[in-house]
Amino acid sequence: MSPRFAARIALLLAAPLAMGQAAPTLVPDVSQRDIEIVYSFTGADLLLFGAILYPGGRVPDGERPADVVVVVKGPTQSVLMREKEKVAGIWVNAQSARYRSAPSFYAIASSRPISQIVDDRTRAIYELGLDSLQLSPVSTSAPDVQARFTRGLVDLKARAGLYVEAPRAVEISESVLYRARITIPARVPVGRFTAETFLIRDGRVVAAAVRDIDIRKSGFERFVARAADRDSWLYGLVAVTLSVSLGWIAGWVARRL
């Protein structure tokens, strides 16, 4: 068991004691458990909603309102970042950094800015926020160099719509019902995604729940993706043959005209 996972378990076990054994529970759901990517796919609008169930069936009197944070994560992937440098008027690869487990997609929505809900330690444990992601760098670069590459990776993902922060995007009604919308971009990778919901009060995570979301290609896109993955040599041969054939046909038509 990793130290970070053990810390999460310890915090969740300690939360009911801190709340006088009156820990609420979450009943979350998502509008789509399966998202299929076809040739006309332009993205999806994912609705995350649910209810907060309190002991006794009602919100305890005199308690401060709780906050809700929703995090949608895609499968992790290994990422190699390269930095370009201009030498003698030519751009060449200079320094590089590799990350072992960067999430392919990450979106966080919260009822308030996350910095107002939890402290830095809790943010790091639960990876709440883009600046709290545990990307597992492999390289042994200096801390300032590593931080520069990390900022670059997060910035590139954010500009592609794959890393998103949405403070105040979670709506809570009557301290019981909550909802949030997260946009899934057209360039989203396929795989098993998770939608984690956290109920936070007084800076402590008092309840958490997870739902799985499958994003996969279908139709001709799925056939092409599976062919490229299972028979890469045959896929490459067919792609080159098609390119040459189309080029020859285009040249023949141009000569005829």
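Biologist: Is R112 buried, partly exposed or exposed?

Modeller: This is a predicted model, so keep that in mind. R112 is partly exposed, because its relative accessible area is 27%.

Biologist: Which residue forms a salt bridge with R112?

Modeller: D67 does. The closest N and O atoms of D67 and R112 are 2.7 Å apart.

Biologist: How many salt bridges does the structure hold?

Modeller: It holds 11 salt bridges.

Biologist: What does R216 pair with?

Modeller: R216 forms a salt bridge with D34. Their closest N and O atoms are 3.1 Å apart. R216 belongs to strand β12 (residues 204-217) and D34 to strand β2 (residues 34-37), so this pair ties together parts 182 residues apart in sequence.

Biologist: How accessible are R216 and D34?

Modeller: R216 has 34% relative accessibility, so R216 counts as partly exposed. D34 is also partly exposed, with a relative accessible area of 40%.

Biologist: Which residues are linked with D34 and R216 in a network?

Modeller: E36 is. D34, E36 and R216 are linked in a network of salt bridges.

Biologist: What about R192, where does its salt bridge go?

Modeller: To D214, and the closest N and O atoms of that pair are 2.3 Å apart. R192 is in strand β11 and D214 in strand β12, and the pair links distant parts of the chain, 22 residues apart.

Biologist: Are R192 and D214 buried, partly exposed or exposed?

Modeller: R192 is partly exposed because its relative accessibility is 46%. D214 is partly exposed too, at 22%.

Biologist: Why would such side chains pair at all?

Modeller: Side chains of opposite charge can pair when their charged atoms come close.

Biologist: Next, R201. Where does R201 lie?

Modeller: In strand β11, which covers residues 191-201.

Biologist: Why does R201 count as buried?

Modeller: Because its relative accessibility is 3%, and buried means under 20%.

Biologist: What does the R201 side chain contact?

Modeller: The side chain of Y54, through a polar contact at 3.5 Å.

Biologist: Switching to sheets. What is the strand order in the open sheet with 4 strands?

Modeller: The order is β1-β3-β10-β9, with antiparallel pairing. β1 (25-30) and β9 (171-173) are the edge strands, each pairing on one side only. On average, neighbouring strands are turned by 20° against each other, direction ignored.

Biologist: How many bridges join β1 and β3?

Modeller: β1 and β3 (residues 44-53) pair over 6 bridges, in the antiparallel sense.

Biologist: What stands opposite V27?

Modeller: A51, in β3.

Biologist: Last topic, the surface. Which residues form a nonpolar patch?

Modeller: W248, I249 and W252 form one. Together they have about 350 Å² of accessible area.

Biologist: Where is I249 found, and is I249 buried, partly exposed or exposed?

Modeller: I249 is in helix α5, residues 232-256. I249 counts as partly exposed because its relative accessibility is 43%.

Notes: Residues are numbered from 1 along each chain as its sequence is written. This is a predicted model: local features need pLDDT of at least 70, side-chain atom pairs count only at pLDDT 80 or more; totals for chains, interfaces and linings use all residues. Side-chain values use heavy atoms; hydrogens and water are left out. Helices (H or I, at least four residues) and strands (E, at least two) are DSSP runs, numbered from the N terminus. Buried means under 20% relative accessible area, exposed over 50%, partly exposed in between (1.4 Å probe, protein chains only). A polar contact is a pair of N or O atoms within 3.5 Å; within protein, one must be able to donate a hydrogen and the other to accept it, and residues adjacent in sequence count only if both atoms are side-chain atoms. Two strands pair if DSSP finds at least two bridges between them. Axes are lines fitted to C-alpha atoms, for helices over the stretch in contact, and angles run from 0 to 180 degrees between N-to-C directions. Patches are made of residues with over 30% relative accessible area and no salt bridge: like charges are joined within 9 Å, nonpolar side chains (Val, Leu, Ile, Met, Phe, Trp, Tyr) within 5 Å. Accessible areas come from the Shrake-Rupley method with a 1.4 Å probe; for residues, only the protein chains shown count as cover. A salt bridge is a side-chain nitrogen of Lys or Arg within 4 Å of a carboxyl oxygen of Asp or Glu.
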